[in-house]
Amino acid sequence: MISMIQERLRDSSGEFLEQSLEMELLRFTTAGSVDDGKSTLIGRLLHDSKAVYEDQLASVKKSRINRSSGPIDFSLLTDGLRAEREQGITIDVAYRYFATPRRKFIIADTPGHEEYTRNMATGASTADLAVILVDASKGILSQTRRHAFIASLLGIRNVLAAVNKMDLVDYREDVFLNMERDFLRLAGQLGIAHVRCVPISALEGDNVVERSARMFWYEGPTLLEHLETVPVATNDAFESVRFPVQIVIRPDANFRGFAGRVASGVIRPGDDVLALPSGQRTRVRSIVSYDGDLPEAFAPMSVNLQLEDEIDLSRGDMLVSPENGPRVSRRFRAMVVWLHGRPLEVGRSYLVKHTARQTKIRALRIRHRVNVNSLEQEEATQLNMNDIASVEFEAHVPLFFDSYSDNRITGSFILIDELSNATVGAGMIEEAASDGQRVEVAELEIVEGVSARERYERHGHYPATFLLENQPAVASRLERALFERGFEVLHFGDRDAASSLLMGAVHVAHRIGCVFIYSGGVLDAETRQRLASLPMPRLLDLSRESEEFDDERLFRHALELADSLRITEQENQEKVN
């Protein structure tokens, strides 16, 4: 009998866990002005939805702090810091988890004070919905506008305006309708598409979980009913594959995989992918996980990809859809929320963390600062803490990005102080600057009808890459001389070309057996390392010699190196034998 009961308990617990895993998750944030009742609302929501443990409830009841008129101060369920309880305000972001039979929830209770705007931006960065509180006795305040603007800036498509403290205005319908009209006008100015206004009293529990008999005139859903039924937006709307590589896994000589988190799209074995910044195309051989090979991977799964070809790929690189690649540029425009006490300075070097890539960056100019109270654009020469502005940046190496409105993962970044390692800013990319270009390289696909070795033998030489940075005259002379000596040669001199284009050009030159000459600007260390790590073509870096030799000596030295690339008769004879 006991064994039967234990077996039933195991079966029921397994079913419960399976249902919980399959249940949809909604992440939402609460925001509003000081004393609008955010923490009280979350406490009431947790209490009335039976998501508070008895020991937590007992602890709150025994607390010496109670600013409410009832037996329980619901704000104490979320205001966990000592300073928060003593001052009666929210300072840090408080995360809470609860579930109903219809959906799981993660709440980010964010502070209302203007000085903690950065905390609000942090808590809202992963939210699917924002609950913005409006005090029915005060109306829409400047901080309410600030939080609504940040919600729109962070791409939160669903906003619930909770008109709180209806008990202070005797639950009057005309007061709520005026608040609803004003908030809908504000949402229209900010471009927020989906807005729901709900009249509530967090202190009394009206329209939070249970419908209020004192607001019989309101026929819409309660706050919890809306949270349970609002559609959850996903990255599936952005179908193009974005897979930032976090680490290369090579436990032995027989396995080489690329681990990372799918930012968008769906990846399946056999799919064509493009590697950035090298520009090489390949196919996905398998998707490896702890539980074995998977038939597909989608956002936000963390997986390990095996590819068909041995290509140059490392941390910070990205696998993307060949037919719809991201923007590739060193320069871009972004909306920035400044998080640090030390102001943003134009021209100063910072570190940027974008997906899995980290490099140096500097602000070229502040296009405008936003006055969040009036939503007007103002001129600015620096950004202070909690300022929000449109800034033009230039990174040390090209980044692979989409606009934040299209992809919240590849369109966002953080700024880090080089000396203190503190996170000083958060950015949402608007668009590439003038030199930005979208990767469209489907036309670079090369069919393997003729082997590389056959091409080398026909040309009579092996491929190689000559680096002659900032030496266009010597490079042009070398190109002509090699061509007249029977070499297949290609000269690339674009000073402003993205690293991905250069790597793609080297890749094509290698495949057709060319000698490739680069005479553009000085390459960054990462691109130079990539060129050096390629097994073929051979890298002949003459940039240092250009500082020591005159042009004539540099030219003669390059010719000597080119002669070493010729395939000798002995090599051909050995192949025949």
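A nonpolar core is here a set of buried Ala, Val, Leu, Ile, Met, Phe, Trp, Tyr and Cys residues joined through side-chain atoms within 4.5 Å; buried denotes under 20% relative accessible area, exposed over 50%, and partly exposed in between (1.4 Å probe, protein chains only). In soluble globular proteins, nonpolar side chains tend to be buried together.

The structure is a predicted model, in which local features need pLDDT of at least 70 and side-chain atom pairs count only at pLDDT 80 or more, whereas totals for chains, interfaces and linings use all residues. Residues are numbered from 1 along each chain as its sequence is written, and side-chain values use heavy atoms, with hydrogens and water left out.

The protein chain has 15 helices and 29 strands; helices (H or I, at least four residues) and strands (E, at least two) are DSSP runs numbered from the N terminus. Of its 577 residues, 51% count as buried. The accessible surface comes to about 28,100 Å², of which carbon and sulfur atoms account for 47% (Shrake-Rupley method, 1.4 Å probe; for residues, only the protein chains shown count as cover). Among contacts with a separation of 6 or more, 72% are between residues 24 or more positions apart, contact meaning heavy atoms within 4.5 Å.

Seven of the seven residues of E4 are buried. In a regular strand the side chains alternate between the two faces of the sheet. Strand E1 (residues 25–32) pairs with E4 in the parallel sense over five bridges, pairing requiring at least two DSSP bridges between the strands. Within this pair, Phe 28 stands opposite Leu 129. E4 also runs parallel to strand E5 (residues 158–164), to which seven bridges join it, and Leu 160 in E5 is the bridge partner of Val 131. From E4 the chain passes through helix H6 (residues 142–153) to E5 in a right-handed β-α-β crossover, that is, clockwise from the first strand over the helix to the second with the strands pointing away from the viewer.

Val 131 and Leu 160 are also both in contact with Leu 223.

Most residues other than glycine have a negative phi, and most peptide bonds are trans. The bond from Leu 276 to Pro 277 is cis, with omega near 15 degrees, and Pro 277 lies in the loop between strands E10 (272–276) and E11 (281–289). Ala 299 and Pro 300 are likewise joined by a cis peptide bond, with omega about 0 degrees. A positive phi, near 60 degrees, occurs at Lys 165, in the loop between E5 and H7. Thr 355 has a positive phi near 50 degrees.

Notes: Lists of a residue's contacts leave out its neighbours within four places in sequence.
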